[in-house]
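Please look over the sequence and the model first.

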Amino acid sequence: MTNKNDALLAFVQWVSLTDFGKPFEHEVKFNRRLKSTGGRFFPKDLYLDFNEKMYDVFSEDVFRKIVQHELVHYHLYREGRGYKHADREFKVLLSQVGGLRFAPPLPDVQYLTYTCLSCGQTYRRRRRLDVKKYRCGKCRGKLYSL
Ligand SMILES: [Zn+2]
Ligand SMILES: [Zn+2]
């Protein structure tokens, strides 16, 4: 079975060769806890992690631009050049490869809220509930969508 982290590593290696003409020779991993951050570069061990939700949600084109951003850090750092966001070399290489400065926000998952007006219990559901059929789980009261 193919591990998702292996697929990520293969993708990062491919972006590195295709867009930078240089190999990526270290580790990558998904991180489920990242929120608005697309990925991170750890200079100490040249390790990268990436936002797993963004990989799941965004198109390959967009995720590729997130990978490019981290690879700009990676390759500049390995070459002893300015690898930080404020460095001129970082800005120049990032715009050359077309990487993103900031990852786009993840789409908000839409929840519908239902409230029982008898006991005040609220319920959050991703899908619409038939309030004629479903009643409050606590008191069997009628649910209202807000
Ligand atoms: Zn960065
Ligand atoms: Zn109730």
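## Domains, sheets and helix packing

The protein is divided into domain 1 (4–97) and domain 2 (112–145). These bounds come from an automatic or database domain assignment. The C-alpha centres of domain 1 and domain 2 lie 44 Å apart.

This is a predicted model, in which local features need pLDDT of at least 70, side-chain atom pairs count only at pLDDT 80 or more, and totals for chains, interfaces and linings use all residues. Residues are numbered from 1 along each chain as its sequence is written, chains are lettered from A and ligands numbered from 1 in the order in which they are written, and side-chain values use heavy atoms, with hydrogens and water left out.

Helices (H or I, at least four residues) and strands (E, at least two) are DSSP runs, numbered from the N terminus. Two strands pair if DSSP finds at least two bridges between them.

**The 1-3-2 sheet.** Three strands form an open sheet in the order 1-3-2, with mixed pairing. Strand 1 (28–31) and strand 2 (39–42) stand at the edges; each has a single partner strand, so one side of each is left without a neighbour in the sheet. Neighbouring strands of this sheet are turned by 20° against each other on average, direction ignored. Strand 1 and strand 3 (residues 47–51) run parallel and are joined by 4 bridges. V28 stands opposite L48 in strand 3. Helix 1 lies across strand 1 and strand 3, and runs at about 125° to strand 1.

**Helix packing.** Two packed helices are described by the angle between their axes and the distance between the axes. Axes are lines fitted to C-alpha atoms, for helices over the stretch in contact, and angles run from 0 to 180 degrees between N-to-C directions.

| Helix pair | Axes come within | Crossing angle |
|---|---|---|
| Helix 1 (residues 4–20) and helix 3 | 9 Å | roughly 70° |
| Helix 3 (residues 60–78) and helix 4 (residues 88–97) | 10 Å | roughly 135° |

The axes of helix 1 and helix 3 cross at roughly 70°. That makes helix 1 roughly perpendicular to helix 3. Angles under 35 degrees count as roughly parallel, over 145 as roughly antiparallel, 65 to 115 as roughly perpendicular and the rest as oblique. Contact means heavy atoms within 4.5 Å. On helix 1, the residues that meet helix 3 include L8, F11, W14 and V15. Their counterparts on helix 3 include F63, V67, L71 and V72. By class, this contact of helix 1 with helix 3 has 10 nonpolar, 4 polar and 3 charged residues. Ala, Val, Leu, Ile, Met, Phe, Trp, Tyr, Cys and Pro count as nonpolar, Asp, Glu, Lys and Arg as charged, and the others, Gly among them, as polar.

The axes of helix 3 and helix 4 cross at roughly 135°. That makes helix 3 oblique to helix 4. Q68, H69, V72, H73 and L76 of helix 3 make the contact with E89, F90, L93, L94 and V97 of helix 4. By class, the contact of helix 3 with helix 4 has 6 nonpolar, 3 polar and 1 charged residues.

**The 5-4-6 sheet.** Three strands form an open sheet in the order 5-4-6, and the pairing is antiparallel. Strand 5 (122–125) and strand 6 (143–145) stand at the edges. Strand 4 (residues 112–116) is joined to strand 5 by 4 bridges. L112 stands opposite R125 in strand 5. Strand 4 and strand 5 form a hairpin with 5 residues between them, and G120 in the turn has a positive phi of about 85°.
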